[in-house]
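Here are my notes on the model you sent over.

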Amino acid sequence: MLPKKLNTLIHLLFIMSQFCIASGNFYTNSFAGNSFQNGSIHKVDLNDNSFVKILDNAILHDVKEDQSTMIFSNVSSQYGYNSEMESNFIIKNFYNYDTLSISGYDAKFNFDGSKIIFTSSFTDEIFESENFSSLDIYSAFDSTITELSDSVLFGYYLLSADKNKVLWTEKNNLMDSLNIHIYDINLDQTDILDAKLPYETYGGSLLNNLFWGKNNILFASLSDTNNTKRLYSLDLNQNALSFSELSSFDTTGLYMILNTQDFNHGKFLFSRMIPPDNPTGMYHLEIWTHDIYNGTSDYLFNFSNGQIPLNYFWTFDTSNIYLGSALMWGMAGNGPFYHYDLSLDSSTSLSETYRYPLNYFLNGDLIYFDNNINTAPLSIELLLPSYNETIELYQNSINDSTTFSWSMSQDLEGDSLMYTFHFWDRDRSGFWLQPPIKIYSLNSLNTSITLSNEFIYNIFMEALDDTVSYFRWSVDVTDGLHVLSSDYDSAYPISYKYTPTINLIEDQEIEEDTDPWFFVTGTFYGLISDYTLYAYSDTDDFYVIDEPSVFGGGGRFELIPNQNWFGEATVTLILAENESGLADTTSFQVTVLPVNDSPEPFSLIYPMVTDTILINTDTDETVPFTWGRSMDVDSEVIYKLTITLDHFGTSYTSEYENIADTLFGVSAYEYATLMTNLNLPRWNMEYIIEASDEEFTILSEAGEFVFDNTSLSIENGILPKEFALYQNYPNPFNPITSLRYDLPNDGLVNITIYDMMGRVVKTLVNGSQTAGFKSVQWNASNNRNEPVSAGLYLYTIQAVEFRQTKKMVLLK
């Protein structure tokens, strides 16, 4: 291997030899791929077709003849593009920048660079069918602005080959045509030509379709009588009244003059659009050249299917053509730069990376010079940290620093060099419309910089993609004009290993018998699957459930005290990296506050729905009510018994409070007296038990039973005066109801339940009965003791000659 210094010397000699035989260079706006983001100004060396960056996020307008000065506009957004008319023009001369007080579009220097011609103040959106702008001249000598016109159609103008005259068009509303204006910069004089451009065939186009020959003949692509584009010419020296059609070509095809600002040669390019052979085919363009002196036209080559050339220039000897194109088939987009060699009759693409902008306001001219006055500095080599090196940032190294170093560049012209260090965001593969960006930049005159590990850590954590454990660094070098830059793919990846951290958690208070979730936040690198979150408590009465798999989004854990336990516990969390064991720990106190529990549910024991209890006004027996005990871990439970007799909408209720036990006796006498006063020999009763600890109260299920009032028996001499069938109670019911009826005489009695179809459902009574006040219950079953469905039912009594029917409703 040759010594490094010898390698550098050989490279310098090679550059010098190329400098001597250089075929020139051109300046252009370009984009990476099909994106409209991160537009840059590049200088292209025609020796090797290399693209050397001049400026990022900028739109080039023009370059002076000595290549020392350029005029450009900033693009305001890194992730989008706005018209450069929003930004002021900036003059750049190596490291010096001068922001002018003017803004607009398509700025060009005149012949000596003392004036700048530009358009501004568009009346409407640029792609509207009709649009006008002003055309102005700015004097670099006294900063004055002279308006040449306020109604330039589409803002298009041409600068003559000697850069001393300006040509533009204005709409003539009376004639529905375009007036042609020519301004002489030296004479400060504007002339309007006698000839007009037809508005219908020229004004609606978004392309100039004009070529201003150095022989002062204006060529145009206009529609003929068959509405087909043809080539026409106008001798400006003679101020002819109209354009003359050039010698006719084949009647097929569409002839369009290609856009260029290169008027220094005796010929220009035009295209002939050839339609496809079938309706689904793709058109293609034939590229022709026209000699402005002898009037001959020659075919050169076919342009790529689905692409159109947007701008071009000739090299100084007209042996080569360079073009910027656009993709127009399918999804329109930025197109390749092409080089066509006339001697070889071959066309090649200049770059796989850089594309010519499709957007009209972003593409601009290809500005060509036949000499390369200033060459780019030599490339550099990134040294440390090496490719894919890992920087370990543990607790004991976070306060240290890391040095980034690279080799020294050389500049052939001896220009002063400046280096720019960059950090790139993390992996952005798949984002073709949003390429990688630089998230940190630092200028340096030296070949190394030192950054604190804590600063690197903060930059790394702010990077856009947090699923990978590395990001990239690179270094650009500039001589004030060129920027020898490295892209994302050539930047060095560096990995970082950090001790994970858990943010402090404040002490918590929770209530007894709750199990809340808490979120834990912190930092880590890589994938969450590379880590484990441990959580535990210092008491067996309290435990923790963790979910490490969601830590990356703010992990959470659940605190679960044992049932009815209260007190204090210490919870410890550990986040550990599985491979290295690096971990961070935090602890916090949890206080479980006691909470009064509600009494627990309980069941009724006696009486039940099947129980019939005999009562009489002549006795004062006690009816026992019993139920299961309601448990309460915190308090004593007190019970309340409520008994209800519901007599056709009138409720008679007795309440018995402050019952400490689960057995309570009720006097039968008071209910026998009540039923006797109501003339009720037998009735369904309801009751319910409440259990309370003074804060919470729970209810038992509703209980039912039957009181049989023997006080109204025959022995007491009280008998009904007439037959009667009463409405069942309750009604509607589920599943038991009582049917009450009166018998003034002994006799056969039949009580039957029917459905609404008249079919027998259940026979409740069928036999002899003594006179008296009677009742019978139906439990919603049929004669086979099977439950019946909900609905409307009939019940009928037949006693001697008495017959009566009523309706009732069963609910489920």
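1. Which residue in S52 does Leu641 stand opposite? That would be Tyr656. Strand S51 covers residues 638–647 and strand S52 covers 650–659, and the two pair in the antiparallel sense over eight bridges (pairing needs at least two DSSP bridges between two strands). Together S51 and S52 make a hairpin with two residues between them. Have a look at Phe648 in that turn, with its positive phi of about 50°. As a reminder, side chains in a regular strand alternate between the two faces of the sheet.

2. Some ground rules. This is a predicted model, where local features need pLDDT of at least 70 and side-chain atom pairs count only at pLDDT 80 or more, while totals for chains, interfaces and linings use all residues. Numbering runs from 1 along each chain as its sequence is written, and side-chain values use heavy atoms, with hydrogens and water left out.

3. Now the overall picture. The protein chain has five helices and 63 strands; these are DSSP runs numbered from the N terminus, H or I of at least four residues for helices and E of at least two for strands. Of its 812 residues, 50% are buried (under 20% relative accessible area; exposed is over 50%, partly exposed in between, with a 1.4 Å probe and protein chains only). Among contacts with a separation of 6 or more, 56% join residues 24 or more positions apart, a contact being heavy atoms within 4.5 Å. The chain exposes about 38200 Å², and carbon and sulfur atoms supply 50% of that (Shrake-Rupley areas, 1.4 Å probe; for residues, only the protein chains shown count as cover).

4. The salt bridges come to 13, taking a side-chain nitrogen of Lys or Arg within 4 Å of a carboxyl oxygen of Asp or Glu. Lys438 is one to click on: its bridge to Asp56 has the closest N and O atoms 3.7 Å apart. That pair links distant parts of the chain, with Lys438 in strand S34 (residues 438–444) and Asp56 in strand S3 (residues 50–56), 382 residues apart. Lys438 counts as partly exposed because its relative accessibility is 22%, and Asp56 does too, at 35%.

5. Lys438 also bridges Asp476, at 3.5 Å between the closest N and O atoms. Here the partners are 38 residues apart, Asp476 being in strand S36 (residues 470–478). Asp476 is buried, since its relative accessible area is 4%.

6. Asp661 and Arg629 form another bridge, the closest N and O atoms being 3.4 Å apart. Both sit in loops, Asp661 between S52 and strand S53 (663–667), Arg629 between strand S50 (622–627) and S51, 32 residues apart. Asp661 is partly exposed at 41%, as is Arg629 at 48%. As for networks, bridges that share partners join Lys53, Asp56, Lys438 and Asp476 into one.

7. Last, the surface. Trp517, Tyr543 and Ile545 form a nonpolar patch with about 270 Å² of accessible area together. Patch members have over 30% relative accessible area and no salt bridge; like charges are joined within 9 Å, nonpolar side chains (Val, Leu, Ile, Met, Phe, Trp, Tyr) within 5 Å. Tyr543 lies in strand S44 (residues 542–547) and is partly exposed, with a relative accessible area of 42%.
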